[in-house]
Amino acid sequence: MIKKLQSIFPSLRTQAPENQDEKDCYKWFITPENEVIGIRQTELTEKDITLLAAFLTPYNVNLPRLTKKEQQWMQQINQDESAMTLHNIEAYRFVYFTFPANKLDPSAFRDAIHEIFTRQVPILWKDDHSGIMIEEQIEAISYDQIADVLMSDLYVKINFLVGPYLTHLTDAKKYYQTLISCAQAAIDFTEKVVLPYSDAIPHLFVDQVEAKMLTIIPEMILKETFDDHELLQTIEAFIACNLNISVTAKELYMHRNSLQYRLDKFIEKTGIDVRQFPQAMTVQLALLSKKHRD
């Protein structure tokens with residue numbers, strides 16, 4: 001196949017040059033035989049690239065080479081949703097990860113992940129500092145612990161957004177694309193290192209709100225408390241503690257009576273009873289809108 005392609009694209013090469021600028025001049029692919037080939041971008045049209053991607057896997061030569069399983073996942077995600085390139089996977093989930101650019105070699109991250117899991121985890125890179133890990137079976141594993149271990153071993157903060165378990169491979173494409181496009185927006189507006197998908201949903205809703213509404217919603221809901229940072233931090237903690245006064249008071253090292261005073265103050269100034277779940281949800285969205293706006 002390579003010889004036939006070379007007759008069409010004379011610039012085709014099977015080894016990446018050492019010079020980075022020269023590497024960037026090529027469009028890289030992996031063949032079904034797991035061989036890496038590059039073709040000069042000046043020799044390719046958009047139509048050529050689309051046709052090549054139908055039977056070759058696009059590849060970033062600066063990232064670890066895709067394993068056979070990673071190639072199969074790429075084909076599953078890039079092809080039509082009905083295309084079945086994977087089999088015998090009863091449950092899987094996508095986990096988005098990101099770490100600061102130029103702070104960690106992708107190969108070092110991959111090796112560290114493979115040491116943690118009981119089986120090799122496919123990794124599909126978005127760029128050299130973010131991508132999707134794929135768990136191909138349900139595992140009792142804590143990503144908070146994984147983040148701590150990686151921080152200790154690699155000295156880099158790594159954020160995770162953990163998606164839901166899925167059972168149908170035909171869903172892989174849409175869930176992968178959604179996670180890739182939305183995960184960073186959710187991570188950017190939380191202090192959590194590990195974010196479950198259920199916690200990410202409110203951030204994603206707020207991220208889609210028009211800029212004008214991001215201004216109106218907090219002002220409309222928070223009213224006189226808009227600039228009372230101490231009070232709003234208390235309310236945010238109360239919501240995070242599932243509207244439990246005892247737990248919140250302990251979390252904030254505050255007497256229950258002092259906490260109750262602040263809750264009453266917020267209710268009085270806004271007219272919203274944050275102790276009731278539907279109203280607390282409204283306040284939470286207002287607080288998220290304020291963070292996104294700021």
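This is a predicted model: local features need pLDDT of at least 70, side-chain atom pairs count only at pLDDT 80 or more; totals for chains, interfaces and linings use all residues.

Colleague: Where does E136 sit in the chain?

Modeller: E136 is in the loop between β6 (130-135) and α6 (143-154).

Colleague: And which side chains does the side chain of E136 make polar contacts with?

Modeller: One is K69, with a polar contact of 3.3 Å between the two side chains. Another is W73, whose side chain makes a polar contact of 2.8 Å with that of E136.

Colleague: Nice. Which residues is E136 in contact with, leaving aside neighbours within four places in sequence?

Modeller: With that exclusion, E136 is in contact with K69, W73, I89, A91, Y92, R119 and P122.

Colleague: Let's talk cores, then. How many residues has the largest nonpolar core, and which have the most contacts inside it?

Modeller: The largest nonpolar core has 30 residues, and W73 is among those with the most contacts inside it, along with Y92, F94, Y96, I132 and L161. At least two residues of this core come from each of β1 (26-30), α4 (68-78), β4, β6 and α7 (172-188). The largest share is that of α7, with 7 residues. Another core lies apart from this one; it has 23 residues, including F99, L104, I123 and V194.

Colleague: OK, on to the sheet. What is the order of the strands?

Modeller: The order is β5-β6-β4-β7-β8, an open sheet of 5 strands with mixed pairing. β5 and β8 (194-196) are the edge strands, each pairing on one side only. From one strand to the next, the twist averages 20 degrees.

Colleague: Remind me, what holds strands of a sheet together as pairs?

Modeller: Strands of a sheet pair through backbone hydrogen bonds, and the pairing is either parallel or antiparallel.

Colleague: Then take β6. Does β6 run parallel or antiparallel to β4?

Modeller: Antiparallel: β6 and strand β4 (residues 93-98) pair over 6 bridges. As an example, T98 has S130 in β6 as its bridge partner. With strand β5 (residues 123-127), β6 also runs antiparallel, joined by 4 bridges, and M133 in β6 is the bridge partner of I123.

Colleague: How many residues lie between β5 and β6?

Modeller: There are 2 residues between them, and the two strands form a hairpin.

Colleague: How many of the residues in β6 are buried?

Modeller: For β6, 6 of its 6 residues are buried.

Colleague: Moving to β7, which way do its residues point?

Modeller: N159 and L161 point one way from β7, F160 and V162 point the other way, and all of these are buried. β7 (159-162) pairs with β4 in the antiparallel sense over 4 bridges, and V162 in β7 stands opposite V95. With β8, however, β7 runs parallel, and the two are joined by 3 bridges. F160 has V194 in β8 as its bridge partner.

Colleague: Which helices lie across these strands?

Modeller: Helix α5 (residues 106-116) lies across β4, β5 and β6, at about 150 degrees to β5. α7 lies across β4, β5, β6, β7 and β8, running at about 30 degrees to β4.

Colleague: At what angle do α7 and α8 pack?

Modeller: At about 100 degrees, with the axes of α7 and helix α8 (residues 197-207) 9 Å apart. That angle is why α7 counts as roughly perpendicular to α8. Where they meet, C182, A185 and A186 in α7 are in contact with A200, H203, L204 and D207 in α8.

Colleague: Last one, a change of topic. Is K23 buried or exposed?

Modeller: K23 counts as buried, because its relative accessibility is 17%. K23 lies in helix α2 (residues 20-24). Apart from neighbours within four places in sequence, the contacts of K23 are A16, P17, E18, W28, V61 and N62.

Colleague: Great, thanks for the tour!

Notes: Residues are numbered from 1 along each chain as its sequence is written. Side-chain values use heavy atoms; hydrogens and water are left out. A polar contact is a pair of N or O atoms within 3.5 Å; within protein, one must be able to donate a hydrogen and the other to accept it, and residues adjacent in sequence count only if both atoms are side-chain atoms. Contact means heavy atoms within 4.5 Å. Buried means under 20% relative accessible area, exposed over 50%, partly exposed in between (1.4 Å probe, protein chains only). Two strands pair if DSSP finds at least two bridges between them. A nonpolar core is a set of buried Ala, Val, Leu, Ile, Met, Phe, Trp, Tyr and Cys residues joined through side-chain atoms within 4.5 Å. Axes are lines fitted to C-alpha atoms, for helices over the stretch in contact, and angles run from 0 to 180 degrees between N-to-C directions. Angles under 35 degrees count as roughly parallel, over 145 as roughly antiparallel, 65 to 115 as roughly perpendicular and the rest as oblique.
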